[in-house]
Amino acid sequence: MSKRDYYEILGVEKTADEKVLKSAFRKLAMQWHPDRNPGNAEAELKFKELNEAYQVLSDPQKRAAYDRFGHGAFQGGGGPGGGPGFGPDFSDFMSDIFENFFGEGGPRRGGRGGGTGRERGADLRYNLEITLEDAFKGKTEDLKIPTAIACEACGGSGAKPGSKPKTCGTCNGYGRVRATQGFFTIERTCPTCLGRGEVIDDPCEICQGAGRVTRERTLSVNIPAGVEEGTRIRLAGEGEAGLRGGPAGDLYIFLSIAPHSFFQRDGADLFARVPIPMATAALGGEVTVPVIDGSDARVKIPEGTQTGKQFRLRGKGMPVLRSRDFGDLYIQVVIETPQNLTKRQRELLREFESECSRDTHPESHGFLNRVREFFDGLGGSGRA
């Protein structure tokens, strides 16, 4: 049985470039892959043809020979591949196809020399709670953090002083090994060096070959004025030391701000509820309120002030991070009803109540009128 033309198998013209060939093969390989067509002998045959055709046409030298001599160019040579398995470029491409089927869990490719033996250290997180006053002024905080640091005895190499790590004989320093399975050459982490590319015959006695030891370090971190809840501060290279001399990770400090007894914060603005005596609200006066910077401010209360009235103190709030601007302080007053009255105080209040009119309590009188209108409306709707 004569073989089909390779260009016909891939469905491309003889003038097709490498990009067109690759695209055509990818599309057809995914269509006829045996895993997508279990038990389908025709799909398996087509997939074999596709592999053979692409292996030849993707190689410039093999393609030139095929264009000149056809299938006869490979007779007696063990097939177009020149032997079992595929070349590294073809295997890398097939690894891409494999990932399209199985996602990130499939075999992964690695560049030559990828196994260096040195792994980057992990990033660390430190949760730090500060006060609102600290967030207003900014501060320098000393943190004691237990973390892995480079072993001083071996200089982080993991090898006993006077010796060095050796290149792994299994993977030749590559960190990964290849195994042919059917049509695929699958790349796996080297089982001997665990992907590091190096092995240590004589490990350091202090760090047991890890190149790092756990110690408590004291770090000084600058907290700028104006930080908010959830602000993240990154200290590059202050995380966990890398394995066998690898670069250190980073340290991330996540800030939280403790609740305040007087102020509530919204961005750069501060809010505070201040109770004032009923007489002050009725007659007017002044109240003194604290400010976050440690000073105080006087707020003038106009005559007839009601509960919920807000007074704005410009520039008395929090600083805006990395700016010279400040938010505002909002004072919300709450009218305090007097308690534990003496007999004389009760008499005065009753006398005051008898003198009250619509003008002295416009809101309550207006509310009572609206209530009457509401019930009158209900009564009217029920009339015949």
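1. Val213 makes contacts (heavy atoms within 4.5 Å) with Thr147, Ala148, Ile149, Cys151, Ile206 and Cys207, leaving aside residues up to four places away in sequence. The residue lies in strand S7, residues 212–223; strands (E, at least two residues) and helices (H or I, at least four) are DSSP runs numbered from the N terminus. Val213 counts as buried, at 13% relative accessibility, where buried means under 20% relative accessible area, exposed over 50% and partly exposed in between, with a 1.4 Å probe and protein chains only. Its C-alpha atom is separated by 10.0 Å from that of Leu243, 30 residues apart along the chain.

2. The model is predicted: local features need pLDDT of at least 70, side-chain atom pairs count only at pLDDT 80 or more, and totals for chains, interfaces and linings use all residues. Residues are numbered from 1 along each chain as its sequence is written, and side-chain values use heavy atoms, with hydrogens and water left out.

3. Thr147 belongs to strand S2, residues 139–150. Its relative accessible area is 4%, so Thr147 is buried. Beyond four places in sequence, Thr147 touches Leu124, Val213, Thr214, Arg215, Arg217, Gly239 and Glu240.

4. The largest pocket has a volume of about 670 Å³. A pocket is an open set of points on a 1 Å grid over the protein atoms alone, with protein on both sides within 12 Å along at least five of seven lines; lining residues have an atom within 4 Å of a point. Grid points are joined across faces, edges and corners, and the volume is the space filled by probe spheres set on them. Of the 17 lining residues, Met278, Ala282, Phe352, Thr360 and His361 are the closest to the pocket centre.

5. Helices H7 (278–283), H8 (343–355) and H9 (362–381) each supply at least two residues of this lining. H7 gives the largest share, 5 residues. By class, the lining of the largest pocket has 9 nonpolar, 7 polar and 1 charged residues; Ala, Val, Leu, Ile, Met, Phe, Trp, Tyr, Cys and Pro count as nonpolar, Asp, Glu, Lys and Arg as charged, and the others, Gly among them, as polar.

6. Confidence should be read alongside these points. The chain averages a pLDDT (the predictor's confidence in each residue, from 0 to 100) of 81, and 83% of the residues score at least 70.

Technical notes
On a 1 Å grid over the protein atoms alone, a cavity is a set of points where a 1.4 Å probe fits but cannot get out, and a pocket is an open set with protein on both sides within 12 Å along at least five of seven lines; lining residues have an atom within 4 Å of a point.
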